[in-house]
Structures are given as structure tokens and as C-alpha cells.
Amino acid sequence: MALVVIQFFPVTLNESDTVPQSDFMIVNQVPATINNQLQVSCYDCHSNNTDYPLYSKIQPAAWYLEDHIKEGRDELNFNEWDTYSSRRKNSKLRSIIKQIESSEMPLDSYTLIHGGARLDSTAVKEIIGYMESLQKN
Amino acid sequence: MKTVTRTIGTMALAATMVLTVSCKDGNKNEPAAPMSNEMHQESMDDKDDMAMSDNQDAKAEAILNDYFNLKDALVGDDNDKAKELGNTLAQSLKSFDASNYSDNETSELNDIIEDATEHAEHISESDIKHQREHFKILSKDVTDMVAITGTKAKLYEQFCPMYDGGTAWLSKEENVLNPYYGSQMLRCGKVQREIN
């Protein structure tokens with residue numbers, strides 16, 4: 001019964017039609033393969049636009065996801081890349097590199113369902129190399 | 001028939017989710033950390049300019065002091081203590097008001113404080129490996145802050161060539177105790193610069 005009731009609790013969806021000028025891909029000339037991989041592996045939780053999976057229509061999955069997405073976006077929002085100071089960009093780049101290097105990101109719970117989000121060793125190398133190229137000393 | 005199977009499947013999935021989430025909910029009663037944000041928005045309206053300037057010096061010194069305590073906790077491999085001190089440092093950083101400096105300095109300081117606060121907050125909730133990763137950038141932030149605010153204390157910038165391709169930190173003592181390795185390699189490093 002509770003399960004039926006909670007289906008009627010709405011969540012605010014993280015969806016947006018427009019990509020702002022401050023977006024990581026617009027600010028940087030990101031090579032196409034890396035661009036695609038980042039969109040698939042990171043943007044669901046680290047931008048203002050989530051491509052919601054089917055199971056997100058069912059409560060309480062929607063709440064669970066909402067939490068995750070909010071947390072991810074607060075930590076790093078690729079759409080707002082250019083609003084970060086250059087010091088902060090460097091910090092974020094470093095964290096991105098560390099997280100990917102140690103396979104902490106993308107989250108296992110995410111790649112379990114979104115197979116395409118998993119980064120193979122080539123993708124890891126490419127992304128890290130690219131992020132390093134953006135770092136300033 | 002197919003729909004029935006699918007419905008049952010969906011319900012099973014939903015039930016699993018309920019279980020997962022109810023476990024998670026168990027922890028939700030703990031007070032949320034971000035409250036600190038408001039606590040430190042104390043206004044400074046009632047203080048005149050002179051007091052403010054002294055006050056800002058004191059706040060920069062407080063940040064340094066918190067930073068050194070945090071460094072000592074990392075030297076001692078004390079994850080819990082470092083968490084606590086990361087939080088203390090985050091509070092001190094948030095109460096710093098950079099508006100009393102020149103425009104350029106204010107903007108630079110605001111960037112530094114914003115970045116440093118984020119690192120301090122991460123330190124307050126991470127394992128020791130992550131704490132040390134964040135401490136590296138935090139150290140750079142604090143060093144850059146001191147370059148603008150100055151400090152009364154004599155400081156030593158120390159450097160360990162082994163950690164993460166070479167990493168610096170600040171210390172009040174000349175004696176090298178390494179916060180990135182702790183007991184694993186306590187003495188790794190040297191003084192590379194003296195401040196004051």
C-alpha cells in the first residue's frame with residue numbers, strides 16, 4: 001500500500017533543454033570522443049540535465065536518484081564550468097583526474113545499470129591526458 | 001503473460017529499492033552538516049573599519065592556526081581528528097571577509113577562500129588518503145593567502161619530492177614532520193623557503 005501511495009510523490013527533475021555558455025564543452029575545445037564519453041559517463045549527475053532511466057519513474061528510486069544527482073551536481077557541474085575561478089577549475093580538474101584514476105568515478109552503482117558509462121583503460125588514459133592538458137600550474 | 005512477468009519484475013525491483021532506501025533513511029536523522037553555513041554568517045555590521053582590519057588579521061591567523069592543527073593530525077595519522085579539524089578550518093575560512101583589501105587582493109582572496117573551504121569540507125568527511133590529497137591543494141591555497149594577508153609568525157614552507165610528484169606544505173617549526181606520509185615516512189622533506 002505504501003508503495004502505491006509514494007508513487008504519487010513527485011520529484012523535481014533535473015532536466016534542461018539548453019546548454020549554457022559556461023559549459024565545459026563550450027569553454028574548452030573538447031575532442032569528440034572525449035566529449036561523448038564525458039556526456040555518457042558524467043553528465044547525468046554532473047550537469048543540469050539528466051537522461052533519466054526508466055526505473056527512475058518508480059518511487060522510491062526517484063528519491064534515491066534525486067539525492068545522488070544533487071550531491072554530484074553540487075560537487076561538480078560541467079554546465080557551470082566557466083563560473084569557477086581558475087583556482088577552482090584546477091582543483092576540480094585534479095579531483096576529476098584522481099577520481100577517475102582510482103576508479104572511484106563513475107560510481108559502480110551507476111555503471112552497473114549504465115554499461116556505456118564504464119570507462120575502459122583507453123578512455124581513462126584519454127580523459128586523464130586531456131584533463132591534465134587543461135591544468136595550469 | 002509477458003506484461004504480468006514484467007509487472008512482477010517491476011514490483012520486485014521496487015521492493016528492493018524500498019529496502020535499500022529504508023536502510024539509508026536510518027542515517028538520515030543525524031543533523032545535516034551544511035547547517036554550519038548559516039551559523040557563520042555572523043554580520044560584522046556593528047564593527048567599525050579599524051576593528052575590522054584587526055579582526056581580519058585575527059581571522060587570517062585563526063585560519064593558519066587551524067591549518068597547523070590539521071597538519072599535525074595528518075602527521076599523526078589521525079583520520080578522525082583531521083575530520084574534526086577540517087570542519088573547524090572550514091568554519092574559520094567561511095568567517096573570513098576579504099573586502100578590506102584592494103580590489104585585486106579581494107578577488108584573489110575570495111577565490112582562495114572558496115577553494116580552500118571546499119577542500120577543508122572534504123577533509124572533514126574523507127578517509128586519510130583523500131584527506132592528504134585535499135591537504136596538498138589546501139596548502140597551496142593557505143600559502144597564497146598568507147602571501148596577501150601576511151602573518152606575525154615565522155613560517156617554513158617544506159617540500160617532499162616523493163608525494164604526488166612533489167608537494168609542499170607550511171609549518172611553524174623548522175623541523176620536518178611530513179603530513180602526507182605520517183609515520184610511514186615522517187622525515188621525508190626539507191625546508192624550501194622561510195616566510196618572515
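In the predicted model, Val19(A), Ile26(A) and Val27(A) make a nonpolar surface patch of about 210 Å². Of these residues, Val19(A) is placed in the loop of chain A that runs between helix H1 (2-6) and helix H2 (24-27).

In chain B, helix H6 (residues 128-149) contains Gln131(B). The relative accessible area of Gln131(B) is 0%, and the residue is therefore classed as buried, the limit being under 20%. A polar atom of the Gln131(B) side chain lies 3.0 Å from the backbone oxygen of Ile123(B). Ile123(B) is also among the residues in contact with Gln131(B) when neighbours within four places in sequence are left aside; the others are Leu74(B), Asn79(B), Ala82(B), Lys83(B) and Ser126(B).

Strand E1 of chain B (residues 155-160) is largely enclosed by the rest of the structure, because five of its six residues are buried. E1(B) pairs with two strands, E3(B) and E2(B). With strand E3 (residues 190-195) of chain B, E1(B) runs antiparallel and is joined by five bridges; in this pairing Leu155(B) is opposite Ile195(B). The pairing of E1(B) with strand E2 (residues 167-171) of chain B is likewise antiparallel and extends over five bridges, with Gln158(B) standing opposite Trp169(B) of E2(B). E1(B) and E2(B) form a hairpin in which six residues lie between the strands. Within the turn, Asp164(B) has a positive phi of about 50°.

Key: Residues numbered from 1 in each chain as written. Chains lettered and ligands numbered in written order. Predicted model: local features only at pLDDT ≥ 70, side-chain atom pairs only at ≥ 80, totals over all residues. Heavy atoms only, no water. Patch = residues over 30% accessible without salt bridge, like charges linked within 9 Å, V, L, I, M, F, W, Y side chains within 5 Å. Areas by Shrake-Rupley, 256 points an atom, 1.4 Å probe, with all protein chains shown as cover. Salt bridge = Lys/Arg side-chain N within 4 Å of Asp/Glu carboxyl O. Helix = DSSP H or I, 4+ residues; strand = E, 2+ residues; numbered from the N terminus. Buried < 20%, exposed > 50% of the residue type's maximum accessible area, 1.4 Å probe, protein only. Polar contact = N/O pair within 3.5 Å; in protein donor to acceptor, adjacent residues only side chain to side chain. Contact = heavy atoms within 4.5 Å. Pairing = 2+ DSSP bridges.
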